[in-house]
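Open the model in your viewer and keep the selection tool ready. We will go from stop to stop, with a short note on what is there.

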Amino acid sequence: VPAAPSILQRSRARRGGKRVRFAQVTVYYFARRQGFTCVPSAGGSSLGMAPRHHRARRYSLSQFAHLRQVSHRQHLRQHLRREKLRARRRELTQNGTVPSAEAAGLTLADVSDDDLDVGQVEVGDYFYLQPLPTKRRRALLRASGVRRIDAEERQELRALRLSREQCGCLCRLTCEPRTCACSQAGIQCQ
């Protein structure tokens, strides 16, 4: 006796093949600004974007997939280059063959593409957003034309990170509105 088709298969068949299909991807480009809307895990100088895009571009799905793959491979190559540079600096300094000042003089240009094992890493498996150190965020902002980086943001972000470590109030069983942090903030007691 043949098995009856599952409920899911029957409902798909009844729909008549209606599907959503995408033909294009629209990419909007924004200038980089100091953020004030995100909280990096350490330091200040959060990254943000201008309120309006300065350019938009349409791609077919295959063009966009290819562009993403090329972009991800470039990011991976840069990441591996930085890792290789750090390793060389450590090696030179730890072995004592070169004073640390000379090891610090090495730059990314000293790491060739032949030194990288890009072929060994699957780009799709590797690529995800990496946290950036404060120095790199500041350098990105300056390279994007941000002239004045707000130094007070560092203290504001630190205060936000500290406040997020404690969630809710200290009430037990019943809420005491006079001492309840939630009630004083105008939200329901947690």
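Helices (H or I, at least four residues) and strands (E, at least two) are DSSP runs, numbered from the N terminus. This is a predicted model: local features need pLDDT of at least 70, side-chain atom pairs count only at pLDDT 80 or more, and totals for chains, interfaces and linings use all residues. Residues are numbered from 1 along each chain as its sequence is written, and side-chain values use heavy atoms, with hydrogens and water left out.

**The whole chain**

Colour by secondary structure. The protein has 7 helices and 2 strands. Starting at the N terminus, their order is α-β-β-α-α-α-α-α-α.

**S45**

Select S45. You are in the loop between β1 (24-34) and β2 (47-60). Is S45 buried or exposed? With a relative accessibility of 3%, S45 is buried, because buried means under 20% relative accessible area, exposed over 50%, and partly exposed in between (1.4 Å probe, protein chains only). Across the protein, buried residues make up 18% of the 190 residues.

Now show what S45 touches. Contact means heavy atoms within 4.5 Å. Not counting residues up to four places away in sequence, S45 touches Q34, R137, R138, L141, I149, E153 and L157. Check the backbone too: S45 has a positive phi of about 60 degrees, although it is not a glycine.

**L173**

Next, pick L173, in the loop between α6 (153-165) and α7. L173 also has a positive phi, about 65 degrees, and is not a glycine. L173 is exposed, at 93% relative accessibility.

**The rings**

Select Y59 and F64. Rings of Phe, Tyr and Trp (its six-membered ring) pair if their centres lie within 6.5 Å; planes under 30 degrees apart count as stacked, over 60 as edge-to-face and the rest as tilted. By this rule there is 1 aromatic pair. The ring centres of Y59 and F64 are 6.4 Å apart and their planes are at 40 degrees, so the pair is tilted. Y59 is buried, at 7% relative accessible area. F64 is partly exposed, at 24%.

Move to R55 and Y29. A charge sits over a ring if NZ of Lys or CZ of Arg is within 6 Å of the ring centre and within 35 degrees of the ring normal. The charged end of R55 sits over the ring of Y29, 4.1 Å from its centre.

**L106**

Jump to L106, in the loop between α3 (100-104) and α4 (123-126). L106 is buried, with a relative accessible area of 19%. Which residues does L106 contact, leaving aside its neighbours within four places in sequence? They are L85, R88, R89 and L92. Draw a line from L106 to R88: they are 18 residues apart in sequence and 8.6 Å apart in space, C-alpha to C-alpha.

**Q188**

Finish with Q188, in the segment after α7 (181-184). Q188 is exposed, at 68% relative accessibility.
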